[in-house]
Amino acid sequence: MIPTLQMLTEDGTRVPASTEHFPETAAEFEAHAAELTPHKLRDAYRHMVRTRAFDTEATNLQRQGELGLWVPSRGQEAGQVGSALATPSADFVFPSYREHAVAEVRGLDLPRILPVMRGTRHGGWNATEYNFHLYTFVIGAHTLHAVGYAMGLQQDRRRGLSTDGSGNAVVCYLGDGATSQGDSNEALVFAASAQAPVLFIVQNNQWAISVPVETQSRVPIAQRADGFGIPRLRVDGNDVLASYAATRFALTHMREHGGPFYLEFVTYRMGAHTTSDDPTRYRTREEEAAWAAKDPIARLRALLESEGAAGEDFFREVDDDAARLATRTRESTRVNRAGDTAEMFDHVYATAHRHVAHERREWESYNSRAVAATGGAR
Ligand SMILES: Cc1ncc(C[n+]2csc(CCOP(=O)(O)OP(=O)(O)O)c2C)c(N)n1
């Protein structure tokens, strides 16, 4: 079994990175974790609690018929927040569809994720504004987009084109199930061949809908990187310190040595796969209880309390902040109506393009005829 980096135990105690398991790199992990000052740890906690409140509200909205579908992130907040805090804002991020806490850290107002789940928007935000791509529901497809983007960065550099503000690396999130997809494996081949600067972060949440990770892979997920010649690390994904330190380490390694890196975050999807799923059909209550005891938010709270970094006032204020976000999520979603469908042409390219302009005109003309034919109903 390969070792797993842990710096915060399940009961919220800070522990040094194991020098036995990571003899050459433990000191670097420690140095990175030390960057998380009490102020930054409080920020991390706030992001996690806000995301969970939003996530719970979105689940409720789906149950009440306000959303077609919801994809809960409960339980995966530490890995997402830790890695996102370690990622420079100029580095482009390709999420799959469960990275709500990453969106929160990137500065995207979380209710903006919901129109696509309500069926009123094609996307929801301008990806270049946050360096955060739209969600991709086709498993693994975005891993190829991420590698293509990183190869573009390499081309720009080779040609001496300005790369100001375009970042040094690309971060791509995928699930354990996605590691079985053809696209994801092709992405790893291309990333390794081209030595493209892509950090693959696999959130191993133990389940791909009803398929357990043991069926997905006969070896620990991180070990899959070995066959591609990509350096890797296995990390406790419910530990915000280790997730942050590992991501900082990987991005630093990539900057110094070039090429991709692969992180496996060991975590757990505490909720259903989506609101269309019933996990009681395929997993035990004992398993759920065992992982509930590793809740990433409780763990960070215990650390903040034991180190005197936050007190009751802070926790109450964060809960109020999260409750306000949930209320705003509900209110903005219930009045949300279909947007202008032509906005799907807005962000295809960063600058205007005549083919896209032509397609937009064609669409607008078709759409106005279709609206007229249905007597104005949309
Ligand atoms: C190409 C493709 N095949 C199948 C699906 C159906 N599908 C949706 S989610 C999912 C499981 C993904 O599991 P994993 O990659 O572990 O991510 P998680 O949902 O657990 O975050 C599948 C098979 C899909 N969306 N796209």
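1. In this predicted model, helix α2 passes helix α3 in a right-handed crossing. The residues in contact are K40, A44, H47, M48, T51 and R52 on the α2 side, and E77, A78, V81, G82 and L85 on the α3 side. Sorted by class, this α2–α3 contact comprises five nonpolar, three polar and three charged residues.

2. As to the geometry of this pair, α2 spans residues 38-63 and α3 spans residues 77-86. Their axes lie 10 Å apart, and the packing angle is about 130°. An angle over 145 degrees would count as roughly antiparallel, and 65 to 115 as roughly perpendicular; α2 and α3 are therefore oblique to each other.

3. The sheet is open and is formed by six strands, in the order β1-β7-β8-β4-β3-β2. The pairing in this sheet is parallel. Its edge strands are β1 (4-5) and β2 (92-94), each of which pairs on one side only.

4. Turning to the ligand, 14 residues surround the molecule. I139, G175, G177, A178 and A208 are the closest of these. The composition of the shell around the ligand is seven nonpolar, four polar and three charged residues.

Key:
Residues are numbered from 1 along each chain as its sequence is written. This is a predicted model: local features need pLDDT of at least 70, side-chain atom pairs count only at pLDDT 80 or more; totals for chains, interfaces and linings use all residues. Two strands pair if DSSP finds at least two bridges between them. Helices (H or I, at least four residues) and strands (E, at least two) are DSSP runs, numbered from the N terminus. Axes are lines fitted to C-alpha atoms, for helices over the stretch in contact, and angles run from 0 to 180 degrees between N-to-C directions. Angles under 35 degrees count as roughly parallel, over 145 as roughly antiparallel, 65 to 115 as roughly perpendicular and the rest as oblique. A crossing is left-handed if the near helix is turned anticlockwise from the far one by less than a right angle, and right-handed if clockwise. Two residues are in contact if their C-beta atoms, placed from the backbone, lie within 7 Å. Ala, Val, Leu, Ile, Met, Phe, Trp, Tyr, Cys and Pro count as nonpolar, Asp, Glu, Lys and Arg as charged, and the others, Gly among them, as polar. A residue is near a molecule or strand if its C-beta atom, placed from the backbone, lies within 6 Å of it.
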